[in-house]
Amino acid sequence: MTDRSASIAASWAPEIVVGFLIVCALAAGALMSPNFLDATFLLDAGTLYAELGLVALTTTMVIVSGEIDLSVASMIALSACIFAVCVDAQVPFAVSVAAGLASGALMGLVNGLLVVGCGLPSLITTIGTAAFFRGLADVLLGDRSVTDFPAWWIGIDDVAILGIPAPVLILAAAAALAAVLLHATVFGRRVVLIGVNASAARYAGIGIGGVKTWLFALNGLACAVAGLMMSSRLGVVRHDLASGAELQIILIAIVGGTSVAGGRGTIGGTFAAFWLLVLIQTGMILADIGIERQLIVLGATLVVAIIASRLSIEPATKNGVPRLTLRRI
Amino acid sequence: MWRVRSALLRREAGAAAAVGLAIAGLALAAPRFFDIATVQIFLLAIPLVLAASMGELLVVIARQVDISIGSILALSAMIAGMAFRDIAGLPVWAGFVLGTSVGAAAGLVNAVLVNGLRINSIIATLATLNVFRGIVFVISGGHQISADQLPAGLLALAQTGFGVVPWLALIAIAPFAIAHVVLVHTSLGRHLFAIGSNPDAARLRGLPVGRTTGLAFVLSGAAAGLAGVMYVARFGVVNPSSAGVGFELSVIAAVIVGGVSIGGGVGSATGALLGVGLIGIVQVALPMLNVSHVWQGVIFGFIVICALLVDRLTQGGLSRLTRSSGASA
């Protein structure tokens with residue numbers, strides 16, 4: 001146990017690390033290309049990852065509550081596939097959108113019921129449902145790709161309001177909503193308390209199961225919104241949509257200072273980590289690093305971020321020398 | 001002690017019953033399943049999963065999970081394949097030693113992340129899953145290894161054998177035998193069970209917790225590395241983007257279906273072998289029952305969830321998990 005002042009000093013460490021890394025990434029990008037610091041360019045780059053940032057917001061809350069969801073990429077794919085199949089079958093467009101959104105919330109609910117209702121560990125359970133949902137997407141579309149969306153639906157990333165691309169605006173609005181939900185409502189305080197100490201939360205009379213189930217369902221709904229945004233941006237839906245995106249989504253949440261042990265995490269940190277990911281990926285594209293090679297950098301970033309977020313400076317040692325320590329989770 | 005032993009027997013009995021049911025069902029639905037040719041397909045389908053599951057088994061018993069084995073398989077397959085391609089006259093056994101060592105080295109990276117830096121094993125191996133995949137691309141330059149670049153002696157391991165049993169299946173007996181002996185007859189095995197049952201008590205008892213779980217990750221990497229060389233022999237092709245993708249799901253499914261509790265401390269090599277058998281039967285039976293291969297992901301995900309539910313119902317490791325988290329809270 002660290003003493004109180006040290007733990008308060010450490011409580012902002014991850015967000016400070018992210019801020020520092022953003023400055024480093026901006027400097028590195030500016031050295032590579034003089035156009036890197038152009039705001040329009042960076043906002044446009046943000047549209048490529050806004051969907052993942054959106055899901056990372058709700059995933060942050062799931063992780064804060066002490067659970068995890070590795071099925072996010074599969075939920076994005078299956079909800080988009082259900083939406084696409086409806087569009088393909090000439091179902092009225094509004095109904096197709098509703099079906100996509102409802103399927104996402106339903107998948108999240110399935111995760112929630114398995115984890116909460118059946119008491120299964122969320123890590124392995126959501127690996128299982130990830131395979132299940134991705135498999136259903138494969139069954140639904142097979143090798144087909146659906147492209148016959150109405151013309152007005154395609155190109156959400158070309159729409160800009162006040163010079164800001166629509167996906168980035170949606171992400172910012174969602175981040176504001178999520179910040180209020182997690183940091184300024186009773187529900188949010190319950191989420192944090194459950195993550196800090198589930199037994200204390202139970203004795204405080206909080207319905208832990210209900211809160212967690214809502215979080216999983218909300219996560220599924222966010223995945224469905226992300227799936228719809230991707231179908232609009234790409235203009236095509238295939239069963240392998242967002243394949244492997246769980247790495248980036250979890251990376252955004254954890255780099256943003258969310259503790260995998262639960263009980264700690266901020267929406268502000270996640271939003272900042274999203275921009276860090278945008279800068280890193282854009283920088284790697286500028287440096288002509290192939291997508292597969294970027295996996296090495298992303299995986300290493302995840303490890304470094306976890307280690308960095310646990311480094312804390314303990315001011316009070318016996319001989320008065322500040323000490324750098326690695327906190328245990 | 002007696003109760004522990006009878007519980008183990010019961011859990012394996014469940015897996016054995018599932019295998020028996022599957023075989024009986026197939027006997028009715030597709031008598032073709034018992035042709036010599038089909039038996040050979042089955043014996044060729046399971047060695048990879050069998051080898052890797054024996055390593056994963058040790059990790060899961062120690063209450064950890066290794067989800068990077070698909071990429072370790074690809075890394076070992078690619079390095080062994082490149083060695084066979086570039087070094088004329090490289091003996092087949094040397095390729096096996098090389099691939100297994102590569103896997104062990106990758107497992108050592110996981111061990112350092114999980115034990116040295118104390119990162120949650122699923123997050124750490126999610127990171128290395130992507131890092132190792134990226135390394136496969138870097139060392140291969142994105143080019144695949146094809147059969148004409150490989151020695152005939154290696155490919156013969158899958159095409160010839162002892163009677164109807166392919167050499168690959170005979171090779172896979174080795175990791176099974178090693179895992180069985182380690183778990184039943186060595187102090188390492190007893191330590192793994194003790195750590196998985198109660199890590200805190202194991203530490204207080206003075207067991208080398210870090211070294212033992214670290215060794216489990218190294219052995220898991222070595223087993224996946226061995227599976228990598230077997231992959232080269234069986235398929236004759238190593239593609240950097242598709243080799244071993246999703247392999248971890250089959251292996252984890254086999255281990256959990258085999259009655260190994262995801263909560264740690266419970267499991268046996270025989271149980272995992274039965275789990276591998278069930279997964280193999282499903283893989284081979286789907287095409288015979290005219291079920292399209294696209295259903296495979298759905299079915300595997302479903303099997304994982306069902307196995308978790310059975311584990312929960314038999315109160316395997318999960319009651320232990322809840323108890324220990326309640327005690328530390």
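Reader: How are residues and chains labelled, and what pLDDT do local features need?
Author: Residues are numbered from 1 along each chain as its sequence is written, and chains are lettered from A and ligands numbered from 1 in the order in which they are written. This is a predicted model, in which totals for chains, interfaces and linings use all residues, side-chain atom pairs count only at pLDDT 80 or more, and local features need pLDDT of at least 70.

Reader: How many helices and strands does chain A have?
Author: Helices (H or I, at least four residues) and strands (E, at least two) are DSSP runs, numbered from the N terminus. On that basis, chain A has 14 helices and 4 strands.

Reader: What percentage of chain A counts as buried?
Author: A residue is buried if 20 or more other C-beta atoms lie within 10 Å of its own, exposed if 12 or fewer, and partly exposed in between; the C-beta atoms are placed from the backbone. Chain A has 329 residues.

Reader: Are H4(A) and H8(A) roughly parallel or antiparallel?
Author: Axes are lines fitted to C-alpha atoms, for helices over the stretch in contact, and angles run from 0 to 180 degrees between N-to-C directions. The axes of H4 (residues 50-64) and H8 (residues 166-183) of chain A come within 9 Å and cross at roughly 5°. Angles under 35 degrees count as roughly parallel, over 145 as roughly antiparallel, 65 to 115 as roughly perpendicular and the rest as oblique. So H4(A) and H8(A) are roughly parallel.

Reader: How many nonpolar, polar and charged residues are in the contact of H4(A) with H8(A)?
Author: Leu54(A), Leu57(A) and Met61(A) are among the H4(A) residues there, and H8(A) brings residues including Ile170(A), Leu171(A) and Ala174(A). Ala, Val, Leu, Ile, Met, Phe, Trp, Tyr, Cys and Pro count as nonpolar, Asp, Glu, Lys and Arg as charged, and the others, Gly among them, as polar. By class, the contact of H4(A) with H8(A) has 12 nonpolar, 2 polar and no charged residues.

Reader: Is the crossing of H4(A) and H13(A) left-handed or right-handed?
Author: H4(A) and H13(A) pack at about 150°, with axes 10 Å apart. That angle makes H4(A) roughly antiparallel to H13(A). A crossing is left-handed if the near helix is turned anticlockwise from the far one by less than a right angle, and right-handed if clockwise. The crossing of H4(A) and H13(A) is right-handed.

Reader: Which elements of chain A do the buried residues of H3(A) pack against?
Author: H3(A) spans residues 39-47, and its buried residues are Ala45(A), Gly46(A) and Thr47(A). They pack against H4, strand E2 (164-165), H8, H11 (208-234) and H13 (267-286) of chain A.

Reader: Which helix gives the largest share of the side of chain B that touches chain A?
Author: The contact takes 40 residues from chain B and 39 from chain A. On the side of chain B, the classes are 28 nonpolar, 9 polar and 3 charged residues. The largest share, 13 residues, comes from H6(B).

Reader: Do H7(A) and H14(B) run roughly parallel or antiparallel?
Author: H7 (residues 122-141) of chain A packs against H14(B) at about 155°, with axes 7 Å apart. The crossing of H7(A) with H14(B) is left-handed. H7(A) and H14(B) are therefore roughly antiparallel.

Reader: Which residues does Leu249(B) touch, leaving out those up to four places away in sequence?
Author: Leu249(B) sits in helix H12 of chain B. Leu249(B) is buried, with 23 other C-beta atoms within 10 Å. Leu249(B) touches Ile127(A), Ala131(A) and Phe300(B).

Reader: Is Ala51(B) buried or exposed?
Author: Ala51(B) lies in helix H3 (residues 47-61) of chain B. Its contacts beyond four places in sequence include Ala172(B), Pro175(B) and Met230(B). With 31 C-beta neighbours inside 10 Å, Ala51(B) counts as buried.

Definitions and conventions
Two residues are in contact if their C-beta atoms, placed from the backbone, lie within 7 Å.
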